[in-house]
Every structure is written in structure tokens, then in C-alpha cells.
Amino acid sequence: MRGEIFRVGRDLSNDVVLDGPEAAVVSALHMEIRKEGGIYRLFDLDSTNGTFVNGKRVTETTLRPRSLITLGPNGPQFQFELDVAPSQDLAQTLVASEALPMQASSPIGKVSAVAPAADRPFDEEQEALLTEAVKKARQARRAGIGGQTGMIMRKMLGTAIHRSSRKFKLVIGFLVVALISVVVYGAWTIQNLKKQKTNIDAQINQIEAKLQAAGNDPKQVDALVEELSQYQNQAREMQRNLLYRLGVRSEEQDFIESEIKALMAEFGAEEYSLPPEFAGQVRELIRWHQGPGREYMERLLGRSRKELDAARRQLQDDNLPPDLAYMALVESAFIKGSASSAGAVGLWQFTPSTARAYGLVVTDKVDERLNPRKSTQAAGRYIRELILDFGAGSSVMLALAAYNLGPGKVKRAVRTVSDPIKERNFWYLYRVRALPPETRSYIPKIIAAIIIGRHPERFGF
């Protein structure tokens, strides 16, 4: 039952339409059942042959569960049932049994309708499907085909499921097409980025080769560096693309070069393309530590490990890169009593004047340069001042150069460059050879030691 009124008769406007020989005693509008509050009442609609409830003719009565309704003295019969459906929150079900005149050989067909809660409207598509099902059931009865209602209802349910499934398939299909489009676009973009990277790398390699052959011609060197800078900028723009990081950078196999780049990023001197000479020096120094110079790294990572870890912690406490502790390996091979011909002493190779300037006591009786903890504290203060002195840009790299060469000599070297911005660019100074050869080889030694120290097993330590 749908709504508040349920009508039965031969007219097509009824909710249950009866037709055929058995409906001869049924009027066009025979009877109706109305829902009034929580009860159901039956009303005879002035039918010709009357309506009977439990064998008694009525014009109006309250229906109780399992009441037997007969249209006419011996016409079609219906059994009225009320069931509470737990899943529908007290919604009620009306089951009407439509019977042919009572004969032994006559089958009885059943028609069921659900009475939903009044405040639960049907979906428009469900409404259309149910209307179509009712229409087909009526047509089947008019054609004299009994017992078809259940089959029709199952077919309509299948249609509803199919339609929902079709919608779901359309959504899935759309998502699949979108995903394929994204994958195709991503693959196409990655291929273009690879081609772009190959072209840029080829141009950069040519310029780097020309720079190495340019000698001391400042005009030619500046022109080449400017051209190199343009390609570097294109490369940096390319690196901002997420697909580059996912599909191109991940394919770079040169471990040492990638480690150098990672360190440069930490030191504020990130560069898309490293000068081949610099990268080559780092590789050569790593091979030297693996061969002739192996004992120095083994000692550092072995019996001098406590001193190395203490130096790293001290530099970190001073808000400096802890890996700068490997500078002491390059300075003194991490030997506390190491001394140079120039009078530099200790792990950090301080001269007496520099040691005193940064708080160390150096006398005939006391030399705190030999104290690992105090000398590392002084080295941290010195490095910090050098970084601040050389300002922004690649200041850590310039500070390393100044530690080796002396800040005064580095400043004189950079003054040979007229552009003040380029004076602060370590890679520009390196490429134009503004820094002396000793300093150009000193920094790769530190980088090689750091890379081995970060990945000792990879390099056989």
C-alpha cells in the first residue's frame, strides 16, 4: 500500500485492477482501504454485488490482521495482513491474496505491496520503475496471465540494479579514462623533460670544457660563465617540476655527484651542474682514501671515533654543520699533537695568534690547542665568524676557503672580480680560478672525507 488510500476494482485507475471472467462480479470502483492514524478502514464504494469481510457484507469497517475480504458473494478474495518490518522502522506491509472463484483446480496468485512510512518519499527513479511494474502487472492480468506479478517485480528490480550498476560503471569508466590521461600526460612530460635535460647537460658540458681551456682571458671567461648561468637557470626551473623529481632525477645514477650536490644544498651553495674538475677531484680523493690513504680514514672511524663524535656534537651545539668536523681530518689527520712547519698545532692547526684571538691559552707552559674540546670550541667560533664575514650566498664554502687560505687572502682574491654579487659566489670564483690552486684542492678533500664518513660501508670502511 502506497499513500493513505488503496483502491480495488476493474477500472484502470485502481491500485489493484481486476479483469477476466473471475472479475464479473467486481464493480469498476468496488472498494477502498484508508489509513486513518494507526488503523486501516475498509469502505465499499456502492458496489453492485457488495463487499464482504469475514463472510459479512459491510459498507464500512475496521480491518484487523488476517481479515478475509471477498468482492461479491463468490468473487475474488483477499486476505488483509499487517506486518511490522524491522528494517523499515515500523513501516507496515499489506499483503492482498487475489483468488479466482473457489474451485479445487484453480490456483491462487498473490499480489504484495509495501506501505512505507509516510515521511519517507520514493526516489523519482524508483517511482518510475514501480509505476512501470504496476502497469505491466495490470496488463498481464487483463491478458489473462495469472501469477506473473512476482516475475514482473523481479524484472523491475533487476532493471533498477542494472541502471545503478550502469551509473557506477560510467563513473568508474570516467575515472579510468582520467587516470589513463594523467599517466599518458605524465609519461609524455617526463620524456620531454628527459630530452630537455639531455640538451641542457650537453650545452653545460661544452661550456665547462671551454672554461677549462679559456685560461686567464677574463672577457672570454665572463661570457662563458654568463652563458653557463643561463643554462643553469633553465635547469633549476626544470627541477621545480614534480615529474622531474619523480621520473628524471630518480634515474640519476652517479652516487658521488648526487652526494656532492646534497652537501652543497646544505652549505648554501647548491648548483645544478658541478664543474667537472671539482667532481673529478672528489672522486680521486675518495679513491685515495680507499687505497694509499686508507689508514687515515680507518684511524678516524676507529680509535679516533670518540674525538670525531665529540667534535660533531660541539659544532652542532654551535649551530654549525656537524660534518665540518671532518675538516680536522684534512688539517691534522685527527692527531692531537700534530704540528706544521708554519707553527700550526693541534686538531684544527691553529697558529698561536689565531688561537689566542679565539680564546685559547698558548704559553710556554700551557697550549690549549692540544685540548680537543677547547680547540674545537675555538674552531667553531672561528668558522662562525668567517661565515658571517663573507655574508650571504655560498658563505660556508667561502669560509672553508678562508680557513685554509686566511680571510685576508680570500678577500684579496675575490676583489679581482668587479661584480660584488659574483664575489660572493664560490662557484664563480672556482670557475674563473680566482682562488689559488691550494684552496681549490683543499675543499674537495673535506667533501670527500664527509661523503666517506656518511657512507663508510659503501666505500669499504
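This is a predicted model: local features need pLDDT of at least 70, side-chain atom pairs count only at pLDDT 80 or more; totals for chains, interfaces and linings use all residues.

Visitor: How many salt bridges does a search of the whole structure find?

Guide: The search turns up 23 salt bridges. To call something a salt bridge, you look for a side-chain nitrogen of Lys or Arg within 4 Å of a carboxyl oxygen of Asp or Glu.

Visitor: Is glutamate 32 buried or exposed?

Guide: Buried means under 20% relative accessible area. Glutamate 32 has 3% relative accessibility, so it counts as buried.

Visitor: Which residue forms a salt bridge with arginine 41?

Guide: That's glutamate 36, with the closest N and O atoms 3.9 Å apart. Arginine 41 is buried at 17% relative accessibility, while glutamate 36 is partly exposed at 35%.

Visitor: Where in the chain do aspartate 323 and arginine 454 sit?

Guide: First, the pair itself: their side chains form a salt bridge at 2.7 Å, N to O. Aspartate 323 lies in the loop between helix H8 (305-317) and helix H9 (327-332), and arginine 454 is in helix H16 (residues 437-454), so this pair links distant parts of the chain, 131 residues apart. Aspartate 323 is buried at 8%, and arginine 454 is partly exposed at 29%. Salt bridges can also join up: Glu208, Arg236, Glu271 and Arg431 are linked in a network.

Visitor: What about the nonpolar side chains?

Guide: In soluble globular proteins, nonpolar side chains tend to be buried together. Here the largest nonpolar core has 87 residues, and Ile260, Met264, Trp348, Tyr403 and Ile447 have the most contacts inside it. Leaving out residues up to four places away in sequence, tyrosine 403 touches several residues, including Trp348, Phe350 and Tyr442. There's also a second, separate core of 17 residues, with Ala23, Ile33, Val58 and Ile69 among them.

Visitor: How many cavities of 30 Å³ or more are there?

Guide: The count is 2, and the largest cavity has a volume of about 80 Å³. Among the lining residues are Glu208, Gln212, Pro276 and Arg431.

Visitor: Which helix gives the most to that lining?

Guide: H2 does, with 3 residues. The elements giving two or more residues are helix H2 (149-213), helix H6 (276-290) and helix H15 (426-431). By type, the lining of the largest cavity divides into 4 nonpolar, 1 polar and 5 charged residues.

How values were computed: Residues are numbered from 1 along each chain as its sequence is written. Side-chain values use heavy atoms; hydrogens and water are left out. Buried means under 20% relative accessible area, exposed over 50%, partly exposed in between (1.4 Å probe, protein chains only). Helices (H or I, at least four residues) and strands (E, at least two) are DSSP runs, numbered from the N terminus. A nonpolar core is a set of buried Ala, Val, Leu, Ile, Met, Phe, Trp, Tyr and Cys residues joined through side-chain atoms within 4.5 Å. Contact means heavy atoms within 4.5 Å. On a 1 Å grid over the protein atoms alone, a cavity is a set of points where a 1.4 Å probe fits but cannot get out, and a pocket is an open set with protein on both sides within 12 Å along at least five of seven lines; lining residues have an atom within 4 Å of a point. Grid points are joined across faces, edges and corners, and a volume is the space filled by probe spheres set on the points. Ala, Val, Leu, Ile, Met, Phe, Trp, Tyr, Cys and Pro count as nonpolar, Asp, Glu, Lys and Arg as charged, and the others, Gly among them, as polar.
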